[in-house]
Amino acid sequence: MSGDGAVGTAEASPDPVRIARLRALALAMPGAEESVRFGHLVWKARAGGSGFVWIRPFTKADVRREGPPPPGTITAFRVADELAKQELRAADDAVFTIQHFDGFPAVLAVLETLDDARLAELVVEAWIATAPPPDVRSWLDAHPDLDRDAGST
């Protein structure tokens, strides 16, 4: 991420109820921990690991390239790979990307536009994309109702 500070009113007052829901979903994943990076919340699948979900407001550079950010709390979700990113964007109008994320396996969404079920799906998919494979296998074994293909990357 750039050293350009976050801008706009999109981050000024995130919905505390939606943040609490995101936090609960992220921390429910095995090994997940919460931290702060660049002044914004990030959830990692394990200590020292990469973030699987994080609050990611537009920077000044993003605004120069993309224009004003959409209103709301912009949240990033990791994906398995570029193909998964393309498929997710094609299937879900709420999901988008910006030039800064070109070639990076993550998508963005405005937190307040996601219903609880979609938010939970995105969090689980993001965790699966970054968690250690043994943890993913164990978690999927404990949740046989989920699509088994989600964790096969």
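**Labels and their grounds**

Author: The model is predicted. Phe101 has a relative accessible area of 3% and is buried.

Reader: Why is Phe101 called buried?

Author: The label applies under 20% relative accessible area. Phe101 has 3%, so Phe101 counts as buried.

Reader: Why is the pair of Trp54 and Phe104 called edge-to-face?

Author: The ring centres of Trp54 and Phe104 are 6.3 Å apart, which is within the 6.5 Å limit. Their planes stand at 70 degrees, over the cut-off of 60, so this pair too is edge-to-face. The two residues come from distant parts of the chain, 50 residues apart: Trp54 lies in strand β3, and Phe104 in the loop between β5 and β6. Trp54, Phe101 and Phe104 form one aromatic cluster.

Reader: Are Trp54 and Phe104 buried, exposed or partly exposed, and how do you know that?

Author: Trp54 has 8% relative accessibility, under the 20% cut-off, and therefore counts as buried. Phe104 has 30%, which falls between 20% and 50%, so Phe104 counts as partly exposed.

Reader: Why does Thr97 count as buried?

Author: Its relative accessibility is 19%, and the cut-off is under 20%, so Thr97 counts as buried. Thr97 is placed in the loop between β5 (95–96) and β6 (106–110). Leaving aside residues up to four places away in sequence, Thr97 touches Lys85, Arg89, Ala106 and Leu108.

Reader: Which residues make the contact between helices α4 and α5, and how do they divide by type?

Author: Helix α4 (residues 116–130) packs with helix α5 (residues 133–142) at about 140 degrees, the axes being 8 Å apart. From α4 come Val124, Trp127 and Ile128, and from α5 come Asp135, Val136, Trp139 and Leu140. Six of the contact residues are nonpolar, none is polar and one is charged.

Reader: Which residues touch the most other members of the largest nonpolar core?

Author: They are Phe52, Phe77, Val123 and Trp127, in a core of 31 residues. Helix α4 gives the most to this core, with seven residues. Apart from this core lies another, of nine residues, among them Val42, Trp54, Phe58 and Ala106.

How values were computed:
Residues numbered from 1 in each chain as written. Predicted model: local features only at pLDDT ≥ 70, side-chain atom pairs only at ≥ 80, totals over all residues. Heavy atoms only, no water. Helix = DSSP H or I, 4+ residues; strand = E, 2+ residues; numbered from the N terminus. Buried < 20%, exposed > 50% of the residue type's maximum accessible area, 1.4 Å probe, protein only. Contact = heavy atoms within 4.5 Å. Axes fitted to C-alpha atoms, helices over the stretch in contact; angles between N-to-C directions. Nonpolar A, V, L, I, M, F, W, Y, C, P; charged D, E, K, R; others polar. Core = buried A, V, L, I, M, F, W, Y, C linked by side-chain atoms within 4.5 Å. Phe/Tyr/Trp six-rings, centres within 6.5 Å; stacked < 30°, edge-to-face > 60°.
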